Structure formats: C-alpha cells, structure tokens
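Please read the points below with the model open beside you.

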Amino acid sequence: MIDDLWYKNAIIYCLSVGTYMDANGDGIGDFKGLLRRLDYLHGLGITTIWLMPFQTSPGRDDGYDVADYYSVDARYGTLGDFVEFTHGCEQRGIRVIIDLVVNHTSDQHPWFKAARSDRNSPYRDWYVWSDKKPANANQGMVFPGVQKSTWTRDKEAGAWYFHRFYDFQPDLNTSNPRVQAEILKIMGFWIQLGVSGFRMDAVPFVIATKGAKVKKPAEQYDMLRTFREFLQWRQGDAIILAEANVLPKTDMEYFGRDADRMHMMFNFQVNQHLFYALASSDSRPLAQALKATKPRPASAQWGLFLRNHDELDLGRLTEAQRDRVFKCFGPDKDMQLYNRGIRRRLAPMLGGDRRRLELAYSLMCTLPGTPVIRYGDEIAMGDDLSLPERNCARTPMQWSTEPNGGFTISDTPALPVISEGPYGFEHVNVAKQRRDPNSMLNWTERIIRMRKEVPEIGWGDFTIIRTRDPAVLIIRYDWRNNSVLFVHNLDEKPRETAFSVQLPGDVGEHLINLLAENHSHADKRGQHRVVLEPYGYRWYRVGGLDYLLKRSEIETR
Ligand code: GLC
Ligand code: CA
C-alpha cells in the first residue's frame with residue numbers, strides 16, 4: 001500500500017523567491033522568474049520545492065513576519081503568478097511545500113493593529129498580553145545578542161506583549177480556538193491553490209503554553225493532531241514538515257505514537273553531529289545521534305539537511321564538540337552567530353574542497369531520511385560575511401557570468417550578488433558548470449539520480465555496521481529483500497577498512513558499486529576489504545552471484 005508516501009523518497013530543494021530569479025528587472029526575484037527556472041530544477045532531478053515565506057510582509061525577518069497570510073507579496077508577483085507556478089510544477093511532476101509561519105505575525109498585521117489599539121477588540125485575545133512587565137521578560141530569546149527580551153511594552157496597547165522572536169513578531173495566542181481555526185483556514189487556502197503541504201515554522205513554540213504566568217512552557221501536542229487531521233481531510237497526500245529542534249526523547253511526541261501528528265521533522269540532532277563528524281573525523285557521536293533518532297512511526301520521515309537559511313545551530317553538542325566545529329568551520333567571531341552557531345554557507349566552511357563537499361552530500365543523501373538541499377549548494381555557492389546576521393547565506397542565485405550573475409538586469413539587486421573572489425558569480429555559476437561534465441552541478445545531478453533509485457534509504461531499516469576505525473562510517477539498509485550499504489571515510493588520509501555483511505539468505509559476498517566499476521568481493525572468511533581515498537565514499541548494493549553472472553553475460557556478448 002504505502003508506496004504512495006511520496007515524501008519517503010523525495011528530494012526537497014528550498015529557495016526564496018526573492019533571491020532566485022528576477023523576471024521584470026526590478027532587482028527582486030519573482031514568481032515569473034522562478035517559473036522560467038523550473039526546467040532547470042526538473043533537470044537537476046529534485047522532486048519537491050520548499051518555498052520560503054512569500055506572503056505580504058514588511059520583510060524585517062525575510063518574510064518570517066507575515067502581514068497577510070492570504071496573499072502574495074506584491075514584490076514577488078500576484079496570486080495569479082503563484083498559481084501559474086504551481087501549475088508549472090504540476091506539469092513537471094514537482095510538488096510544492098510552503099512555509100507556514102503561525103507562531104507569530106508581523107506587528108503590521110491587521111490583527112495585531114486591531115489588538116493593540118482596542119482592549120475590547122475581538123483580536124485582543126489573538127496575542128499574548130500582560131499589564132505589568134513579566135518577571136521572565138529577559139529570558140528565552142531565540143536570537144541572543146540581537147534580541148533583548150521576549151516581552152515588549154506597547155504604548156498604544158498600554159500593555160506588554162510576548163514575542164519569542166524579534167520584537168516586531170508578536171506571538172499569536174495559539175491556545176485560542178479562534179486562532180487555531182484561522183491556522184486551519186490558512187492551510188486550506190494554500191492547499192486549494194495547489195501545494196502539497198507545509199514546512200511548519202517554530203513548531204515547539206507554536207504548541208507551547210504562553211503567558212506572563214507560564215514559568216515552564218508545556219507542549220500541547222494535541223494541536224499537532226488537529227492540524228494533521230484537517231489537512232488529511234482536505235487532501236490525503238498533503239504533509240507537514242516540522243521545524244522542531246528538540247531532544248530525541250520527545251521526537252515521538254511530535255511524530256505521534258499512532259503516526260497522527262507530524263509527517264516529517266528536520267533531524268537537527270543528526271545535522272549537528274554530522275558537522276561534528278566532518279570537523280573531527282570521528283563518526284561515533286554521529287552514529288549515536290542516528291541511533292537516538294531511530295524510533296519513528298513507519299510512515300514518518302526525517303528531513304536530512306546540511307545547511308539551511310538559518311545559522312548552523314550547534315546548541316545540542318557538548319561544549320568541547322561545539323568548540324571543535326567552531327575551530328574547524330567558523331573560527332572568526334564574525335562567522336558565528338547567537339552564541340551557538342555558524343552563519344556561513346557549506347562550500348566556504350569546507351574550504352571549497354570538492355572531496356569534502358562530495359562527502360558531505362553523500363552523507364546527506366544516504367543517512368536515514370529525505371534530503372533537503374539549499375538552493376545554490378548544488379553549484380557550491382559562497383557567502384558574504386559583510387551582510388548582517390543570517391543574510392550572508394541568502395545572496396541571489398548565480399546563473400551566469402552576466403552582470404549580477406544573470407539574477408537580475410537591475411543594477412540594484414535586493415541583496416548583493418557575490419562577485420569576485422573564489423565564490424564570485426564570475427567563477428561559480430550554473431551556465432559554466434552546466435558545460436563541464438565534472439562540475440559540482442553535474443555531480444549533484446548524478447547523485448540525485450542515484451539517490452532516487454535507492455528507495456531503501458527512505459523506506460528501509462538501517463543498521464550501523466561496526467568497524468574498528470572511528471573515521472569510517474558504514475550504514476546498511478534493508479527493505480523488501482534488498483540491501484544497500486554505504487561506506488564513508490571522514491578522514492583526510494586514505495583508510496583501509498574490513499567488514500562483513502551477514503544477511504538472512506545472503507552472505508553478502510558481492511557488493512555492487514553503484515557509482516563506479518570497483519565492486520567488492522568477500523574473501524574466504526567473508527570479509528570485505530575496501531581502501532577508501534581521503535574523504536572517500538562508496539555506495540553498494542548487496543548483490544547475489546546471479547546478478548554478477550548476468551552482468552558478465554551482458555558484457556561478453
Ligand atoms: C524559524 C525560521 C527563521 C525565522 C524564525 C522566526 O526559526 O527558520 O528563519 O527567523 O523561525 O519565524
Ligand atoms: Ca522582480
């Protein structure tokens with residue numbers, strides 16, 4: 001039955017409309033421009049686009065401050081353009097998920113304006129108020145160092161309002177049934193316009209109890225069930241992908257023990273330990289993180305990512321581990337953010353080293369879950385540390401060597417295009433890489449193609465195979481009598497590794513290399529010996545002798 005769960009074997013690609021492609025030359029990317037790039041995305045092989053917020057917004061947090069949930073910001077186009085876009089996706093078999101930012105609104109949202117101007121407004125109770133300054137007003141900031149408090153006094157309202165994020169993002173009172181009903185209505189609206197689901201922003205905060213008297217916020221998990229139930233009534237195959245950076249012990253609460261809450265969650269635990277593994281060449285904490293996040297309902301899925309539009313949050317590592325990652329990937333204070341993370345893009349973090357980039361991508365594609373690629377990472381784009389906070393990793397897509405990287409014909413792009421230096425658009429762009437068979441872009445296309453042909457990763461059960469060498473990670477998946485095996489060398493030195501593959505009904509004698517010709521055959525004791533290059537990786541299918549015989553028949557024909 002459940003081959004229908006499309007998100008189990010998807011390749012998600014996330015992008016901001018405003019920095020992808022500008023069609024009308026005003027310097028801001030738009031839906032018309034994005035529509036023109038759909039064939040590029042289709043060619044890359046991605047199956048799902050995740051659009052970051054594009055609704056009407058003052059844009060003080062890159063659209064995560066929404067002022068009208070039922071609209072497209074005029075800078076990006078119209079609702080009509082949006083529907084043309086989703087239709088274009090549908091024609092190419094690409095699904096669309098969009099950000100659902102309902103923990104808070106913009107302070108310019110008409111609801112908040114009504115709420116602050118009139119104590120008796122029906123919207124007053126849509127937000128979280130206090131007459132006096134709450135005792136914990138200086139606690140719980142999400143952006144420490146930039147954000148001063150979580151409660152701000154509003155003159156007009158004559159009261160304090162709660163904001164988990166910036167002060168221009170007042171929290172919605174999500175416990176209010178009217179607010180909940182409105183959230184469902186927002187989902188229903190976009191579903192009707194052709195989206196396949198939502199990346200739900202800041203989920204732990206959405207479901208937390210809020211208020212001046214709340215000492216320790218409690219999660220109201222039932223809300224998640226309400227969201228899912230509604231969605232599935234409206235459209236059976238729609239999903240919610242939750243942004244919830246939580247401890248592994250609460251994962252099941254988010255997925256729901258009866259698989260009745262979130263369909264997908266980003267695996268922050270694995271993300272952080274993956275970067276630690278890349279920094280330290282020690283795979284053991286990563287293996288731990290994989291084990292800790294293993295339990296999940298059969299229909300649920302992890303979203304696996306390397307970098308996203310935010311800082312690389314390292315808050316779940318030990319201090320020593322975090323320091324190691326900082327030292328390796330973000331040694332300058334200016335590269336770090338919010339006392340917990342690194343704000344750079346992937347390629348510069350890895351020193352632009354193609355071997356390390358491939359290793360990181362290979363891991364993202366073969367660890368349990370569905371890969372989520374950040375736009376521009378397929379061509380190894382860089383960052384612009386002169387831009388504030390997280391904006392450094394949000395610069396426009398680099399299409400060609402034309403002025404402004406072909407992103408816009410305007411002289412004043414919304415965010416500066418990276419130019420000059422090793423990551424400038426003059427060197428790093430789609431057009432150039434398209435012509436080079438060995439480019440990062442063409443490699444990414446090939447790895448995506450292969451990833452889609454290995455559904456075992458998204459569907460199967462995994463086992464981590466022991467090795468004596470902490471620099472080598474071996475993971476195996478079993479699904480429907482098929483097995484695949486992935487070997488990664490995290491170290492800068494070559495490694496020889498020995499292991500055996502014991503499967504019921506198959507001794508795992510032959511490992512068929514999915515990416516190259518060097519297959520592996522076990523010795524008499526059933527041991528495979530593989531020599532991995534520095535940062536080398538192997539994708540194997542566990543194949544019986546039959547397969548090999550058939551192959552040699554074909555080859556000698
Ligand atoms: C999420 C988003 C981030 C945004 C915040 C507030 O963490 O990923 O970009 O600033 O929520 O909406
Ligand atoms: Ca434009």
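1. A residue is called buried when its relative accessible area is under 20%, exposed when it is over 50%, and partly exposed in between (1.4 Å probe, protein chains only). By this rule R356 is buried, since its relative accessible area is 16%. The model is predicted: local features need pLDDT of at least 70, side-chain atom pairs count only at pLDDT 80 or more, and totals for chains, interfaces and linings use all residues. Residues are numbered from 1 along each chain as its sequence is written, chains are lettered from A and ligands numbered from 1 in the order in which they are written, and side-chain values use heavy atoms, with hydrogens and water left out.

2. R356 belongs to helix α13 (residues 354–366); helices (H or I, at least four residues) and strands (E, at least two) are DSSP runs, numbered from the N terminus. Apart from neighbours within four places in sequence, R356 is in contact with L278, F329, L350 and Y535, where contact means heavy atoms within 4.5 Å. L278 is 78 residues away from R356 in sequence, yet their C-alpha atoms are 8.3 Å apart. The side chain of R356 reaches the backbone oxygen of L278 at 3.2 Å, a polar contact (a pair of N or O atoms within 3.5 Å; within protein, one must be able to donate a hydrogen and the other to accept it, and residues adjacent in sequence count only if both atoms are side-chain atoms).

3. Most residues other than glycine have a negative phi. Y535, not a glycine, has a positive phi of about 55°. Y535 sits in the loop between β21 (528–532) and β22 (537–543) and is buried at 8% relative accessibility. D62 also has a positive phi, near 50°. The loop that holds D62 runs between β2 (48–51) and α3 (79–91), and D62 is partly exposed at 33%.

4. Which residues of helix α4 (residues 110–117) are buried? They are W111, F112, A115 and R116. These residues lie on the same side of α4 because they cover an arc of only 120° around the axis, taken from the directions from the helix axis to the C-beta atoms. They pack against β4 (129–130), β5 (151–154), β6 (159–162) and α5 (177–192).

5. In strand β14 (residues 370–374), 5 of the 5 residues are buried, so the strand is largely enclosed by the rest of the structure. T370, V372 and R374 cover one side, and P371 and I373 the other. Strand β1 (residues 12–15) pairs with β14 in the parallel sense over 3 bridges; pairing requires that DSSP finds at least two bridges between the strands.
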